[in-house]
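Try each task yourself before you read the solution.

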Amino acid sequence: MLLRTYCERIFDDCCWLRDDIRLPYDGTGRTTAGLGIGLYKWLHKTASERGVRMLFSTRAESLVIDGAGAVTGLRASRNGETFVIEAGGVILATGGFQGDREMLVNHAGRLVGEDVIMVGSPDNTGDGHRMALEAGADMRHLDVCHVRTTDLYFGQGPSRYLLHIYPMGIYFNRNFERFIDEGVADSDTIANAIALQPGSSAGLIFDDKARQRYPEEYARYPRREQLIVTAGSIAELAEKMYIAPEGLSRLVETFNASVENGRASGPNIAKTHAVVRLDTPPYHGFHPVRPAVNHTLGGAVVDGESCQVVDKKGQLIAGLYAAGTLVNWAYGRPYQVNGVTSFKGSYHAGATSGAGIALVSGRLAAQSALKNLTKKMR
Ligand SMILES: Cc1cc2nc3c(=O)[nH]c(=O)nc-3n(C[C@H](O)[C@H](O)[C@H](O)COP(=O)(O)OP(=O)(O)OC[C@H]3O[C@@H](n4cnc5c(N)ncnc54)[C@H](O)[C@@H]3O)c2cc1C
């Protein structure tokens with residue numbers, strides 16, 4: 001239902017940004033306001049000009065809930081002082097809870113909460129999730145996170161930037177074992193698989209056939225000179241990556257020997273697509289490749305027509321709305337690919353278009369809150 005709302009509204013909401021908010025565009029559909037902070041500055045300027053009052057360095061602490069269970073305001077703190085803001089409605093939009101390690105361990109498990117690098121905002125500590133819970137909200141899929149690969153500079157990692165090249169290579173763990181069918185696993189599944197390896201760490205190697213087939217993809221890798229190691233032999237490549245040359249050489253020999261009719265039978269796991277022997281120098285490698293948490297994906301169940309928060313009995317909670325990452329955008333359960341449990345669930349609109357869902361749900365929540373307030377005042 002929520003996904004349908006997103007699909008039905010996203011075009012109109014983007015037009016609203018262009019026509020009403022006057023977000024500047026370059027004619028190709030891209031805003032020239034800039035990403036992240038640029039976009040924020042524009043929205044801030046527009047909201048200020050229209051008289052919106054914003055409080056900075058202020059933390060939302062808890063909801064004010066009346067005897068009938070309706071949300072009527074918010075307790076907030078600033079410079080150690082706590083105060084109440086009375087309101088006809090509250091929209092929770094505090095992002096995910098990846099910044100609270102304890103909460104992450106409790107819901108997503110020790111492997112994700114402690115072993116995985118954090119690249120999402122550490123300021124999002126799940127305050128909104130806690131408030132929604134206190135108000136009796138139905139919270140779903142809190143164990144599902146968006147996990148992706150990252151390199152030493154916390155970039156998007158080879159499985160994102162080398163989309164065609166990585167399937168032609170092989171991933172290995174610290175025991176020099178393959179653990180995933182590189183030819184079919186998508187970027188995030190690889191990240192999840194790495195999270196399950198000893199030390200939550202892996203390496204990736206490919207030969208020059210892969211580079212020659214996709215030279216532009218290779219050349220575009222950010223900070224390639226520092227991150228991609230290149231050498232004339234596998235043993236030398238291993239030395240440059242500070243790992244045991246015998247281990248890596250044995251792995252490559254065994255892998256090459258198992259290649260037959262476009263398929264590799266091992267070692268450890270079959271490879272079914274983009275199968276090439278690693279026999280064309282120079283060889284290229286990344287080590288380590290680590291999994292990283294972007295943000296959590298589970299959260300409050302909301303009504304698809306209004307973004308009003310729903311309680312465990314399926315009833316709307318009066319005065320409470322939610323938007324953005326705090327909303328449960330995860331569908332299904334974590335699933336398995338080649339025996340690898342994917343923490344991301346059956347993917348999620350918020351991972352593929354998080355800014356879009358924040359726009360759609362934020363605007364819808366605001367419109368609904370205003371409508372209900374106006375009704376109350378009549
Ligand atoms: C590394 C990375 C890359 C991404 N790339 C993309 C991309 O390419 N495209 C895309 O569409 N999306 C992308 N996303 C996702 C996108 O950033 C999010 O989906 C989007 O920002 C969610 O918006 P939000 O308003 O729900 O949360 P946020 O943007 O996280 O905002 C939440 C805000 O709430 C504040 N806050 C938290 N607690 C409190 C409190 N108690 N009181 C007051 N304020 C509080 C936080 O400081 C923060 O400013 C990416 C995310 C990450 C981490």
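**Exercise 1.** How many nonpolar, polar and charged residues does the shell around the ligand have?

*Solution.* Start with the ground rules: this is a predicted model, where local features need pLDDT of at least 70 and side-chain atom pairs count only at pLDDT 80 or more, while totals for chains, interfaces and linings use all residues. Residues are numbered from 1 along each chain as its sequence is written.
Next, sort by class: Ala, Val, Leu, Ile, Met, Phe, Trp, Tyr, Cys and Pro are nonpolar, Asp, Glu, Lys and Arg are charged, and the others, Gly among them, are polar.
Now count: the shell has 5 nonpolar, 13 polar and 3 charged residues.

**Exercise 2.** Find which residues come nearest to the ligand, and which element gives the largest share of the shell.

*Solution.* A residue counts as near if its C-beta atom, placed from the backbone, lies within 6 Å of the molecule. Of the 21 residues around the ligand, the nearest are Gly95, Asp127, Gly324, Gly354 and Ala355. Strand 1 (59–65), strand 13 (283–296) and helix 14 (354–377) are the elements giving two or more residues. Helix 14 has the largest share, with 4 residues. (Helices, H or I with at least four residues, and strands, E with at least two, are DSSP runs numbered from the N terminus.)

**Exercise 3.** Work out how far apart the C-alpha centres of the two domains lie.

*Solution.* First take the bounds, which come from an automatic or database domain assignment: domain 1 is 2–144 + 297–377, and domain 2 is 147–292. Then compare their C-alpha centres, which are 37 Å apart.
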